[in-house]
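Open the model in your viewer and keep the selection tool at hand. This tour names what to select at each stop and says what is there.

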Amino acid sequence: MLPFAAAVVTPLVYRVLRERTAYYAAAVALACFGMVASQLGTSGSVSYQWIPSLGVSLQFYVDGLSLLIGFLASGVGVLILTYSGGYMHGEPGKAKYYTALLAFMGSMLGVAFSADLISLFVFWELTSLSSFILIGHYTDRRSSQYAARKSMLITVSGGLFMLIGFLLINHVAGTFAMFGPSGILSPENAAMTNEQLHAAGLFVPALALIAVGAAAKSAQVPLHIWLPNAMEAPTPVSAFLHSATMVKAGVYLIGRFRPLFLPEGVHAIPDWMLLFAVLGLATMTITAILAVAATDIKELLAYSTASHLGLIVAGFGFASEYGAETGAFHILNHAMFKAALFLVAGIIAHEAGTRKIKHLGGLWRDLPITAAITVVAALGMAGVPPFNGFYSKEFLFESAYHAAEIHGGLAWLFPVVAVFGSIFTFLYSIRFLMLFFGEKPKGLGHVHRPPLTMLVPPAILGTIAALIGLGGVTDTFGVAPSALNGFVGSVVESTLPPAATAEAAEAIHFSYHLPTSLTPAATMSAITIGVGLVAYQYYDDLHQGINRLLTVNPLRANWWYDNAVYGLNDASVGAIPHIQTGLLRTYATWSLTAVTLLALGGYAAAGVALPSFGFAPGMTPSLALVLGVAVVGAFAVSIAPSHVSGVLTLSILGFMVAIFYILADAPDLALTQLVVETLSLVIFLLVLDRLPTFYGEIKRSRAIRDGVLSVAVGATVFVTVLVTTVANPNSIASKFLEYDFTVKEAGGHNIVNVILVDFRGFDTMGEISVVAMAALSVLTLIAMRERGETQ
């Protein structure tokens, strides 16, 4: 809650601190980091009542996976907010910027620690809302508006799919709780919930719906298109949201639900692996190819982010323990080297004045420290040993090869595609690194060194990435195991299916090291680096060839998105003249049609049975005759030649109802009906005297349409009356007839008056409201007539 509280007062703080608000926000993030660190080594949940009637609570849970995301959200947040102090100097809208960043950090912490499906969804959508504000920071730019709308449309839509998946799980499990005694993800309940989903036929739908939400947030193909456009945001936003935190929400969701959808151990359920392994490897490869086609350094990093997220998704998709280690470890590794590279890109853009790749080169002479950071981060991104990204890439190769060995056949495409995509990853990583080496372009002058506030954060991230890589080296030679082993092991344990028993979980010992023998994974890494070095000589040819392919519109996902969105806009514009005609007849038609379809469709979907027809007890020939006359009068209204004759015929129906009450021994109701009917008839005739007697011809098609609609509306009312009166009201009537219960208790003297005033008070008030609305409608019609509107 601390980031949200701090965000509320940030506009007031900005009035006092101005530019130094960045350090206030960084202090808030540091406090959050300290609170997350205080939970290290603990596990468990805490719950607060929120919506008890729906079984929804604000429940939070601590385990390795939630701590990892919590550390990234708060720890990287400290560095990004500090960096913003230098980067955002002189930029507009800083109060809004820091408010939104703090709100985003709070939302991301909520996603990490939420242990209730509904509260997880709420925090999930809050990340989309705050990112919308941050991506559209430069509100005067059309490109920023476009990027913010696109990210909002895709991520929020994905969140709604995810919500439906959550509701399906709740439908079979009967709870929104994720952990605890009844939690769907707790080891003792995950397998049972899985079986319930299968039994209800909802396993695949729930899995697919949650996958859409994860894919939208983590920019998986074909929903990756919002991420490159999101680079319109200030660079610190790109480093924070689109490398270290927000895009990690999707892979976090996959890791979190892995125990539910993968409950029986290694390769037991093909649905999970087929979905996420294929999706992840496809995203990893396609977006790596698009990164090679990039012309802007932030565009390159955006596509590379989607590619590495695909690697994480593929890792979690493989059912082996290697898959869990791939996903868990690469979440950390990617956050370190990619956040550092985004901050480096911000330094380049800020100091060199351009982000165009072809205009940059030889930057190490002016930016030596930044160059050193880039070497560590870019080689880690490339998967070159002994840098940090190499180790988690090795785990991916192990997972892919292991899956191919077990399944055979087409499963051998897993390692092949993993290597192919990694070659392109190597290519764009080296291309980014070469911005600092080689000859400086002629048009690029002296590049100023950045202020310390912009240099220290990427240096810290680069140092952490280097230490992670060094930990693998020391572990290889037995000098000292990496301090990360225990923590990453706890993250891996959080994503294991419940079939991994407590003894097996305790036996898990995560470690990473350089290859000491020629394993399949080491061979795949060697092929990746070797082919990548050879292919880099043809980088420009590959770059141009891919861009030529992208000139074919159907090959670009953005072409499909733009045509769909703008096509819907055109359809809306085209539909307006037919829907908003300014005629009451049109609006009544649309409204009544919608109500009729919804009501009758609801009855049909619910399987509502209509009561059997027949004469009620006590039905005499006199009553039957009166009701028959009423039916004839109702039919006569529809064929009346004029308004006056229609009103007079309609009054026959009303008077027959009054006679029915008399014959049914209800004189008070009959008197009321006669008075109301007489007054209505007189008022109708007085009004008709002031209205035109003839309104013009009506088309046969319109008359048929109106006739069909009127029959449908009448049928809806008829069915509704039958459905709502099917219950036997005798028990209620007998209760009202008890004098002590009604008249005496209410202090009245007449049972009818007591029922109307005490028991049907709201109903009576509703009737008065109806009369008032009818009066307003009459006044409106009269006013329209005075303006000459007679249709």
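Start by selecting Ala219, which counts as buried because its relative accessibility is 0% (buried means under 20% relative accessible area, exposed over 50%, partly exposed in between, with a 1.4 Å probe and protein chains only). The model is predicted, so local features need pLDDT of at least 70 and side-chain atom pairs count only at pLDDT 80 or more, while totals for chains, interfaces and linings use all residues. Residues are numbered from 1 along each chain as its sequence is written, and side-chain values use heavy atoms, with hydrogens and water left out.

**The loop around Ala219**

Ala219 sits in the loop between helix 8 and helix 9 (helices are DSSP runs of H or I with at least four residues, strands are runs of E with at least two, and both are numbered from the N terminus). Its phi is near 55°, a positive value in a residue other than glycine. Move along to Val221 and Pro222, which are joined by a cis peptide bond with omega of about 0°. Pro222 belongs to the loop between helix 8 (203-217) and helix 9 (226-229).

Next, select Thr287 in helix 12. Is Thr287 buried or exposed? At 0% relative accessibility, Thr287 counts as buried. Apart from neighbours within four places in sequence, Thr287 is in contact with Val221, His224, Tyr303, Ala306 and Ser307 (contact means heavy atoms within 4.5 Å).

**Two helices side by side**

Select helix 3 (residues 64-87) and helix 11 (residues 248-261), which pack at an angle of about 175° with their axes 11 Å apart. Axes are lines fitted to C-alpha atoms, for helices over the stretch in contact, and angles run from 0 to 180 degrees between N-to-C directions. The two helices are therefore roughly antiparallel to each other (angles over 145 degrees count as roughly antiparallel, under 35 as roughly parallel, 65 to 115 as roughly perpendicular and the rest as oblique). Leu65, Ser66 and Ile69 of helix 3 make the contact with Lys248, Tyr252, Gly255 and Arg256 of helix 11.

**Salt bridges**

Arg256 is in helix 11 and Asp63 in the loop between strand 2 (56-62) and helix 3, 193 residues apart. Both Arg256 and Asp63 are buried.

How many salt bridges does the structure hold? It holds six. For another one, select Lys94 and Glu19, whose side chains meet at 3.5 Å, N to O. Lys94 lies in helix 4 (residues 94-113) and Glu19 in the loop between helix 1 (2-17) and helix 2 (21-37), so the pair ties together parts that are 75 residues apart in sequence. Lys94 is buried at 6% relative accessibility, whereas Glu19 is partly exposed at 27%.

**Last stop: helix 27**

Select Asp665, in the loop between helix 26 (643-663) and helix 27. Asp665 has a positive phi of about 60° although it is not a glycine, and it is exposed, with a relative accessible area of 68%. Finish at Leu671 in helix 27 (residues 667-690), which is exposed at 55%.

Definitions and conventions
Salt bridge = Lys/Arg side-chain N within 4 Å of Asp/Glu carboxyl O.
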